[in-house]
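Dear colleague,

I am handing over a structure to you with this email, and below it I go through what was found. Please keep the view open while you read, and look up each residue as it comes.

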Amino acid sequence: MLNKVDVIARILAEKSRDICLEKGAVYAPANIALCKYWGKRDAQLNLPVTPSLSISLAEKGSHFAFEVIDADKDRLTLNGKTVTEDNDFYQRLFSFINLFRGVKAFPCLHVRINSTIPIAAGLASSASGFASVVKGLDALYGWQLTRSELSILARLGSGSACRSLWSGFVEWQQGIRDDGMDSLGIPLKTIWPQLRIGLWIISSEKKTISSREAMAITKQTSPFYTLWPQQVASDLAEIKTALTHKDFISLGEASERNALFMHETMLMATPSITYNTPQSIECRKQIWQLRRDHLPVYFTQDAGPNLKVLFLEENTRDVLQLFPQMEIIQPFAK
Ligand code: DP6
């Protein structure tokens, strides 16, 4: 079985582990899966059981700035606040960065991450976070890796991060190789400027169970999980056809169904897992009522109670009237 260091060694092969740039800044967008990644065939390398497909969130994501410092330990500033070594996020971040530092004594870094989305609210902050880290390391060491190579490296931090190297629609092909060299994001050609995503933030609190843990329990114990790969295959095909024909209804139906299927699958796990709150259930019902009232709005939902509402530009006024607090994202904004 390969581990992360083996995969990194293959990709970096002859690349230098000497610092090339003392200071720099990069950005990666968050992404929202319309067809979800839920379950791994290899937990060490974050290799998924199925493919998935996402849309990137343009200006919502992670700004990652690094600076080489003369100190005896790394420093982290998250959204302007100092984060200390005993913090989980600090440990997860630097244990990932350490995988790339090679065997030589390495200089310490001051990393500043500014996230324009709520951390750990099921809004894919770890995806943009890890994608920005690998872009930052590429700049720090001057590797000039391709985006496909960066996608493979980002996946080692968090699976969904492999889709955050591009804007627009990205498919994560699951691959079949043990080393995961064929398990990476592939950008799709469709550009859909009329598409809108509303962030319906119900709670920004940290989730009670991580998606990593929840997907492992679901895969091991849910009797519904055997149906999941087949469901993904059919939802993914429908979503891709909808993208080709710019068929919004079909896109919305398949995306919402896929999210609901994922949530029902985890509900059937032992112990049962739910990210819903009474309020998120109410919000789902409200969306269904709006459709009965002929407003074409659909939702998707990740590992948290927050809903992401899909609609078209022509319905923006109606949506804003109903949800004045909703933050609206234009994934294809110039
Ligand atoms: C529900 O990518 O956070 O958002 O690979 O364990 O880090 P790890 O999991 P992560 O899971 C994301 C799950 C999801 C669906 C998705 O983004 O496809």
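Does Glu 85 count as buried, partly exposed or exposed, and what is its relative accessibility? Please bear in mind that this is a predicted model. At 42% relative accessibility, Glu 85 counts as partly exposed, because buried means under 20% and exposed means over 50%. Its salt-bridge partner is Lys 73, with the closest N and O atoms 3.6 Å apart. This pair links distant parts of the chain, since Lys 73 sits in the loop between β4 and β5 and Glu 85 in the loop between β6 and α2, twelve residues apart. Lys 73 is likewise partly exposed, with a relative accessible area of 43%.

The count of salt bridges comes to 14. One of them joins the side chains of Glu 327 and Lys 60, at 2.6 Å from N to O. Glu 327 lies in strand β13 and Lys 60 in strand β4, so this pair ties together parts that are 267 residues apart in sequence. Glu 327 counts as partly exposed at 37% relative accessibility, whereas Lys 60, at 11%, counts as buried. Strand β4 also holds Glu 67, which is linked to Arg 112 in strand β7, 45 residues apart, and the closest N and O atoms of that salt bridge are 3.6 Å apart.

Turning to the aromatic residues, the count comes to eleven aromatic pairs. Phe 100 and Trp 143 form a tilted pair, with 6.2 Å from centre to centre and 35° between the planes. Phe 100 lies in the loop between α2 and β7, and Trp 143 in the loop between α3 and α4, 43 residues apart. Phe 100 counts as buried at 1% relative accessibility, and Trp 143 counts as buried at 4%. Both belong to one aromatic cluster, together with Phe 96, Phe 130 and Tyr 141.

There is also a ligand, with 18 residues around it, of which Tyr 37, Lys 40, Ser 158, Gly 159 and Ser 160 come nearest. An oxygen atom of the ligand is 2.6 Å from an N or O atom in the side chain of Tyr 37, and an oxygen atom of the ligand is 2.7 Å from a polar backbone atom of Gly 159. Taken alone the ligand exposes 460 Å², and the protein buries 93% of that.

Finally, on the surface, Phe 224, Leu 227, Leu 267 and Met 268 form a nonpolar patch with about 310 Å² of accessible area together.

Best wishes

Methods: Residues are numbered from 1 along each chain as its sequence is written. This is a predicted model: local features need pLDDT of at least 70, side-chain atom pairs count only at pLDDT 80 or more; totals for chains, interfaces and linings use all residues. Side-chain values use heavy atoms; hydrogens and water are left out. Patches are made of residues with over 30% relative accessible area and no salt bridge: like charges are joined within 9 Å, nonpolar side chains (Val, Leu, Ile, Met, Phe, Trp, Tyr) within 5 Å. Accessible areas come from the Shrake-Rupley method with a 1.4 Å probe; for residues, only the protein chains shown count as cover. A salt bridge is a side-chain nitrogen of Lys or Arg within 4 Å of a carboxyl oxygen of Asp or Glu. Rings of Phe, Tyr and Trp (its six-membered ring) pair if their centres lie within 6.5 Å; planes under 30 degrees apart count as stacked, over 60 as edge-to-face and the rest as tilted. Helices (H or I, at least four residues) and strands (E, at least two) are DSSP runs, numbered from the N terminus. Buried means under 20% relative accessible area, exposed over 50%, partly exposed in between (1.4 Å probe, protein chains only). A residue is near a molecule or strand if one of its heavy atoms lies within 4 Å of it. A polar contact is a pair of N or O atoms within 3.5 Å; within protein, one must be able to donate a hydrogen and the other to accept it, and residues adjacent in sequence count only if both atoms are side-chain atoms.
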